[in-house]
Amino acid sequence: MEHKLTVYNTLTRRKEIFKPLAAPHVGMYVCGPTVYGDPHLGHARPAITFDILFRYLTHLGYKVRYVRNITDVGHLEHDADEGEDKIAKKARLEQLEPMEVVQYYTLRYHKAMEALNVLPPSIEPHASGHIIEQIQLVKEILANGFAYESQGSIYFDVNKYNSKYNYGKLSGRNLDDVLNTTRELDGQEEKHNPADFALWKKAQPEHIMRWPSPWSDGFPGWHCECTAMGRKYLGEHFDIHGGGMDLIFPHHECEIAQAVASQGSDMVHYWMHNNMITINGQKMGKSLGNFITLNQFFTGDHEKLEQPYSPMTIRFFILMAHYRGTVDFSNEALQAAEKAMTRLMDAYGTIDRISPATSDTELPDFKALCYEAMDDDLNTPIVISHLFDACKYINQAADGKIQLDQAQKDSLKSLFDTFLFEIMGIKEQQGGGSGREEAFSKVVDMLLEQRAIAKANKDWATSDRIRNELTALGFEIKDSKDGATWKLNR
Ligand SMILES: [Zn+2]
């Protein structure tokens, strides 16, 4: 590979050159949604961040196996070891089968991801479909002496593990920090130590999602699924594990402990985490009740929204920030994103209308600059700023201020095709279907042709009327020596 992609590894706290364990193959695991509610803006960020990584690695020629799970069991309220299962609670409240809840929200999630042009992963395993693998994992940890049984449940022995390995190496917390922040919850008396976490929970009589195991009828602890499914589909050692920063502790810390306690070594080479989306500085999340669903953004139907925002506006808004920086939601920021994206799309459409001539201008090597930005830990805001620079040249050429030749036109087009569309995954907005857009463009072109004929016949009344009426509809008409061009001011 000629490109030196660097990624920030949360585990080592620095940017590292990305070297796959078995190039050209890359194994990548990302924590997917817990499907008990509509996907919101907070779900869009990890999905889009790791979609960019998936697209870029694929673009560089790697063969990526991308696994993103569906959590449909074992994720208890408040991310704790006690309390009701999030899915089961929703099912009880709405009088549905838990798997009806799962099916319903999984489909809604897929639909929203498709609208955002997030590519589907290679494998999307469900936690409930991998109970056997999770029981196997728990057996191995028990056999190695890093877990114990207590009243039918199995807990991970954090103290014992920490005496041999380093619990907290991902999050940078030590065991004392963990103990100080552990909430006092019912059922903690089953644990030897409050820092211990559940690997298997015995189901209470009212608990409907349950499976037989050597220890009790019950269900796996939340952290088991990703370790068990990552290993099943990507092997004992794989390249990338991703997710939101809010998962670093306890979820990913526990995943590392489970992997090391079962197989004696780390499973994951690069840990990558996207930052959060905030509203007024607070994390947006379902459990906090301050979220706006993706559908509400698409329709504008929410008190905090001044207008609807298209899926591509949401995607572009997220890409305007580096994935490790925070993004604060506001209408102003989304409107700015919408405007910026429209400018890029308009410039792209303008490339075709430049008449090639002998070049009088040297263009910067935009492709090299964009690759450099992507290689620098997926720096999409820098890529976008280079595309804006390219826009200036496009608009100047369209206005006849500079001259570009055919090769330069082609390279500008391929710059946008590669970086804006293929890698960043922006696509033409569908204002009721691209066929309609195309037909509508042709009608405007036809009117301008009629106007050119009228002008040639010195029929100024007709020519002015066409121009004025198009202007009144919001079209900006520009006359030049090569004829008229137009754009729609939104
Ligand atoms: Zn996970």
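How far apart do the C-alpha centres of domain 2 and domain 3 lie?

1. The C-alpha centres of domain 2 and domain 3 lie 28 Å apart. The protein chain is divided into domain 1 (6–274), domain 2 (282–423) and domain 3 (434–488), with bounds that come from an automatic or database domain assignment. The contact takes five residues from domain 2 and four residues from domain 3, where two residues are in contact if their C-beta atoms, placed from the backbone, lie within 7 Å. On the side of domain 2 that touches domain 3, one residue is nonpolar, two are polar and two are charged; Ala, Val, Leu, Ile, Met, Phe, Trp, Tyr, Cys and Pro count as nonpolar, Asp, Glu, Lys and Arg as charged, and the others, Gly among them, as polar.

2. This is a predicted model, in which local features need pLDDT of at least 70 and side-chain atom pairs count only at pLDDT 80 or more, while totals for chains, interfaces and linings use all residues. Residues are numbered from 1 along each chain as its sequence is written.

3. The secondary structure of the protein chain comes to 16 helices and 15 strands, taken as DSSP runs numbered from the N terminus (helices H or I, at least four residues; strands E, at least two). The C-alpha trace spans about 95 × 50 × 35 Å along its principal axes. Of the 490 residues, 40% count as buried, that is, with 20 or more other C-beta atoms within 10 Å of their own C-beta, which is placed from the backbone.

4. The axes of helix α13 (residues 380–398) and helix α14 (residues 406–423) come within 11 Å and cross at roughly 155°; the axes are lines fitted to C-alpha atoms over the stretch in contact, and angles run from 0 to 180 degrees between N-to-C directions. The two helices, α13 and α14, are therefore roughly antiparallel to each other, a term used for angles over 145 degrees. Val-383, Leu-387, Ala-390 and Ile-394 in α13 meet Leu-412, Leu-415, Phe-416, Phe-419 and Leu-420 in α14. By class, this contact of α13 with α14 has nine nonpolar, no polar and no charged residues.

5. His-130 is found in the loop between α3 (98–115) and α4 (131–143), and it counts as buried because it has 21 C-beta neighbours inside 10 Å. Not counting residues up to four places away in sequence, His-130 touches Pro-125, Glu-225, Ala-228, Met-229 and Lys-232. The C-alpha atoms of His-130 and Ala-228, which are 98 residues apart along the chain, are separated by 7.8 Å.

Conventions
Parallel < 35°, antiparallel > 145°, perpendicular 65-115°, else oblique. Buried ≥ 20, exposed ≤ 12 C-beta atoms within 10 Å, placed from the backbone.
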